[in-house]
Amino acid sequence: MEGTPIYKMPTIDLSAKSLLTLAQLGFFCVFAYWGYEDVGTTIDWIFPIIMLGGGLALFLSLPNARIATTLGIPAVMAIMAIAVGEPEMAFWAIFMILIIGSLAYIPALAMGDSSLNLDESTRKTRFGILYTVFALFMVVMFSVLMPSALDGEFTDDSGEEEGDLVYTLESNDQNIAQVGLALGIIGILVFVITSVFGVQLGPVAPWHGGALLSGAVSIDSYLWYTVADSGVGDIFFALAAGGIFTLSALIANDGSDSVEEE
């Protein structure tokens with residue numbers, strides 16, 4: 001083991017496994033970019049740095065990268081919140097454990113990473129549960145699809161002193177939001193039925209649910225980009241999220257891109 005490298009450069013090609021790895025890295029890069037946009041003081045640099053560092057650690061398969069990223073990033077966020085006198089923001093770090101943990105473990109569970117030391121049945125069960133919880137959070141809690149579809153408006157909790165910003169949608173945009181919400185709900189149901197419960201729905205496969213979820217996230221990003229003029233970060237967010245949802249569901253239930261042979 002003396003000659004074992006501390007990191008492993010992943011193969012970059014057009015395989016599902018490689019694209020999923022890039023999507024995982026892209027997710028962290030988008031978080032880092034959003035943190036960079038909000039930089040105002042020196043301490044504000046910590047968030048984009050730890051996000052980028054966490055993404056690279058997972059990308060290069062550093063030892064204990066998954067657990068360190070899952071617990072380390074939220075812990076730093078909580079400490080930062082207390083340090084800047086906003087202890088109520090530390091509560092947000094609790095939710096980030098789920099978000100960061102999902103991003104760290106879903107690709108590994110999908111590809112059957114041997115370092116997880118899980119048998120096939122346990123791996124698929126944990127993948128299905130974590131994927132479903134992550135999808136629910138992304139479509140229901142961390143998305144503007146539901147308020148946009150039902151109320152025709154959504155709120156940007158910007159944290160500025162002047163208060164939250166409320167964006168009102170035109171009728172066409174509200175219709176688009178309703179389509180996005182429908183795609184998200186149907187996508188979750190398709191994945192749960194076909195992957196978690198293992199029910200055969202003709203030619204329908206779990207990754208079809210992932211594709212529907214990808215469409216929902218894309219519409220969510222569209223609303224941010226066009227209505228709130230949020231910037232190019234939401235476009236890359238949609239690409240990364242689409243890769244996570246679609247490719248992980250494809251690989252987890254196909255096995256052709258599994259790394260078990262390692």
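How do the residues of the lining of the second largest pocket divide into nonpolar, polar and charged? In this predicted model, in which local features need pLDDT of at least 70, side-chain atom pairs count only at pLDDT 80 or more, and totals for chains, interfaces and linings use all residues, the lining comprises 17 nonpolar, ten polar and six charged residues. Residues are numbered from 1 along each chain as its sequence is written, and side-chain values use heavy atoms, with hydrogens and water left out. Ala, Val, Leu, Ile, Met, Phe, Trp, Tyr, Cys and Pro count as nonpolar, Asp, Glu, Lys and Arg as charged, and the others, Gly among them, as polar.

The second largest pocket holds about 840 Å³ of space. Of its 33 lining residues, Lys8, Leu58, Ser61, Arg66 and Asp113 are the closest to its centre. Two or more lining residues come from each of α1 (16–37), α2 (46–59), α3 (65–83) and α4 (90–111), and α4 gives the most, with five. On a 1 Å grid over the protein atoms alone, a pocket is an open set of points with protein on both sides within 12 Å along at least five of seven lines, a cavity is a set where a 1.4 Å probe fits but cannot get out, and lining residues have an atom within 4 Å of a point.

A search of the whole structure finds one cavity of 30 Å³ or more, and the largest cavity has a volume of about 40 Å³. Its lining consists of Met138, Val139, Phe142, Ser143, Leu145, Ala216, Val217, Asp220 and Phe237, with two or more residues given by each of α5 (120–141) and α8 (206–226). The largest share, three residues, comes from α8, and the lining as a whole divides into seven nonpolar, one polar and one charged.

Leaving aside neighbours within four places in sequence, Phe134 is in contact (heavy atoms within 4.5 Å) with Phe27, Ile99, Ser102, Leu103, Ile106, Ile244 and Phe245.

Leu150, placed in helix α6 (residues 145–151), is exposed, with a relative accessible area of 59%. Buried means under 20% relative accessible area, exposed over 50%, and partly exposed in between (1.4 Å probe, protein chains only).

Technical notes. Grid points are joined across faces, edges and corners, and a volume is the space filled by probe spheres set on the points. Helices (H or I, at least four residues) and strands (E, at least two) are DSSP runs, numbered from the N terminus.
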